[in-house]
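Have a look at the structure first, then we'll go through the terms.

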Amino acid sequence: LKPFWLKSNSGLFPRAASNVAFSPVRVRRCVSRLANMARFLAPALALLAASINKVSASALNLNLKLFTKEEIMANMTMDRAADLVMTNSVVLQTPKLLALLKTELAKLNSTAEAQLKVVHKHKRQPANDKGYGALNGARDMLNEMMNDAMAKLDNEIEKCGTYNRETLALLEEIRQDVASFNAQAAEARSRVLKSQGTIAFCQLKLPQVQDELDRHNEECQSEEISLKGQIEIVVADLSVMAGMLNMIGNCDAPAAANLVQCRHCRKSNEGGYMMLQNTSLQPLLLKLQSARVRSYVQENLNAAYDEATAEEPAAALTQEEVRHQVALMMGSAQDRRLRGQRQEPEDPEMLAAMGNDSESLNISVVPEATVPYDCIPTNKCTLGTGSCVKIRDRFLNIAAGIQDMLTKLKKELAELQRGCLEDKTIMESQIANLGEKLRSAQTDLATATGDQVESESSSNLKGQQHTEITDEHGVEMKECCDEQNDLKSEICALEKIRGEIYKMKGLEIFITDCEVTGWSEGRCSSSCGGGYLVKSRSIMVHPVKGMKCPPLELKESCNTHPCPIDCIVGEWEGWSGCSAECGGGIRERMRPVLTEMKHDGSPCEDTEETEGCNSQSCNKECELADWTDWGSCTQACWTGTNRRDRAVEHPARGTGSCPEPAGDHRLQFRNCNDKPCSEFYQQGTLHHVTSCSQCSYKNFCNSAVWADNSPDAEAGYASGNSLSEWGCDQWKGQKIVRNSKSGAIYVVEEGVFLKCASKIDMVVLMDGSGSLGEEGWEKSKKLVTNLISHLKEGDDTVRVALQLFSGPTTWDNYYKCTGASPTAGAPDLEKDCGIRWIKHFSNNTMSVPMLKTALQWPSATTLTSVALAEAQAELMYGREDAASIVVVITDGKPMSQDRTKQAAEKLMANARIIWVPVGPGAPLEFIEQVASLPKKENIIEIDSFDKLEWPYFVNKIIAQSCPVLKKAPMLDNGLEGLA
């Protein structure tokens, strides 16, 4: 297009061909101005306009520069000034001014003349207009045109400034939106990754937990089947024992109860293999299936054999007896083999289906597995004469022991089922939680993915919007810049033409245009929400025949952006519970948002706070309180103990441990009153030792069993064996005293006994089981009568209750007494259980004859558990301020050790139990488990029934039961009480 309308160095737009940058805005203005000048250019202009509309933002990447008046005037030539002035719409619409300018400019430039002709022809205005030739009139009109141009420039600056501020604010808002959407997309992406990780974890963990649950169920099922099988065997064995007890009955018509011991069938340290020489009982005995039960039976029968042979020596089996016993054993083995075969009844329908053809198969019967004999009796076996009553009592004990086994197995089964159920519930809960977690994670993944896509889409849309507005902003600001430069150029051109007119007339005139300072902005009336401000400028140069001053004040809007809204939060809520009880957890608190932040207001302060809590280790040992003070001494003499303990101040956590209550770290004893009981013995009938002619002073002293196990002590008990050798049997077991002045030795014939001065409620449990034997029973009576008769009873000292206990004589009564059968009914304690109260708590002391008459030997089993339970019931009638003590004098094993242990533990919560095991068969190991602490004070072992008559052991019971003893008076004949 350039060859048609642009000329270099001259023409309409000489600057377009020189150093002025090409711009679409200028081109559009050119097109508008040339529309009426060149009709033949219409096709070319249409093509130009289309190309302008397609200009991209990159084509507008030009310098936006506003030129100063000095820069424009420096490049303003006369031709250029004429171009700008002669194309001004005001000039074109003012014929007089146009004629004047035509005349004057024609003289300067033929090119300008040609331009005037083109313009005049186009406007069809007269070539000359008289009355407008005066230069002053032209000057005024040019000044007026300059004022108009200046006003347009001010308006353009104001308009472009407002547009620029609003557009930049919009772009910043969009930029923040993009950043916000990007943050939302990033947050959504993090949720996507978290959900994917949770899904992967759950999908990995679920099969593992399910496999673990399957294995757990299989193991529990296997163990449960095993325990149920054991229970079934023990129940069968218990049924066998019940059958044997029913067969024995009350021994009204006793069958042979002899015991056969074959030592060659067992190791020497295990005794011998025991059998019964009884055609009815031995086969039943061999039906026992449980190895534990058979072992328990052998243990009890060996003990019965030892008791029997202690009374009557064992005899060897005769050949006939050997054959008889072998027949019993082999028949029993055969019976067991037959029981092992599974007998199937003949099914008629099946036989009919098979054609009842017994010869259809010619095969051998599968041999049964060989069942080994427990023992083959030989003439090496020995025979012990048994007692039906003792065998019955032994079998009752065995049955009670089997019942304990059954109870224990049922407890193990219940614990197994409970533990398996708990573990199963936990694993099923884990599976359910993992499934719920998986479903929740899948839902979260879908939600987070949608949020991510939406945020990314919104970010892209906002980014595209930002790009478009940025491009549009560049175009508009380029137009603003060009428009302002054009207006400035127009003013400069008018100024130059105005001056050249006077110069061409040869006139010198001083024309000064008004010059003002730049705008100075005042303070906006509002910081946001739309206000206004006043812009002002001052006059630097006052006008002289030149352009008037523009307005010096301008009011414009400001801070139209919305006012920021600060976030407002409410008060803090209370702290939540700690997330972990130990090992470091967190607790949190929140506060609500009352007003959300908007329009760049102050952001919300933290609405959630977390802090650490319970940072202590999950695995911590318990913390104990300080030791208590030492308690009072438990005995007045013969070495008692002080006691102190430590309570648990803070319990253990996790895998931490805590010392046992009875351990050394929490319970301690120390010895006290480590002295003889000399000062507390009461006076008896004294006999000088020299009345025995064969007793020498030295031998007598050396042979005494002294109270504190020292031959140099002040007192002791005379040894029966030594006294028998010296002919002094009458002093056997009596107390020895010595004159502190003369050294003479005396024996107290009737014995000396301690007197209790403590306030105690004592329950004495006396064992009357058949294992005592008649001699043991009589000597037990002696011990108990001495103890009861020498405990002075009263409201301020001792109150005593006495119970004689044995046990049931039938298995049905055992069920009644122990409550093992809910359908057995309430038992008669004395008749069914062998529990008889000789004396309840009272202030009345029974005389020795009354006690001996009341104590009748029941000679039955040993139901210690019920005896202890009845003692606890008796203590309910005791005094609140009295110490509760239970003394158990026993020689045999309790029928049920489990029940006895439970009863003892329950009783020890309210009373102190002192055990007096008597004889070689007393269960010392078991008593160690159920005695109160310290055990040395609460177990008084009497290893021989002969020693039951010794006053020493009565005094031991009194001394270890009574912390306070009554002091003895001075003895006659210059003797002090064992001093």
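Axes here are lines fitted to C-alpha atoms, for helices over the stretch in contact, and angles run from 0 to 180 degrees between N-to-C directions. Helices are DSSP runs of H or I, at least four residues, numbered from the N terminus. This is a predicted model, where local features need pLDDT of at least 70, side-chain atom pairs count only at pLDDT 80 or more, and totals for chains, interfaces and linings use all residues. Residues are numbered from 1 along each chain as its sequence is written, and side-chain values use heavy atoms, with hydrogens and water left out.

Q: Why is α14 called oblique to α18?
A: The axes of α14 (residues 388-504) and α18 (residues 811-818) come within 10 Å and cross at roughly 45 degrees. Under 35 degrees would be roughly parallel, over 145 roughly antiparallel, 65 to 115 roughly perpendicular, and the rest is oblique. So α14 is oblique to α18.

Q: Which residues of α14 and α18 meet?
A: With contact meaning heavy atoms within 4.5 Å, Leu396, Ala399, Ala400 and Gln403 in α14 meet Trp811, Tyr814 and Tyr815 in α18. They divide into six nonpolar, one polar and no charged.

Q: What makes α21 roughly parallel to α22?
A: The axes of α21 (residues 864-875) and α22 (residues 897-908) come within 8 Å and cross at roughly 20 degrees. That angle makes α21 roughly parallel to α22.

Q: Which residues of α21 meet α22?
A: Thr864, Ser865, Leu868, Gln872 and Leu875 do.

Note on methods. Helices (H or I, at least four residues) and strands (E, at least two) are DSSP runs, numbered from the N terminus. Ala, Val, Leu, Ile, Met, Phe, Trp, Tyr, Cys and Pro count as nonpolar, Asp, Glu, Lys and Arg as charged, and the others, Gly among them, as polar.
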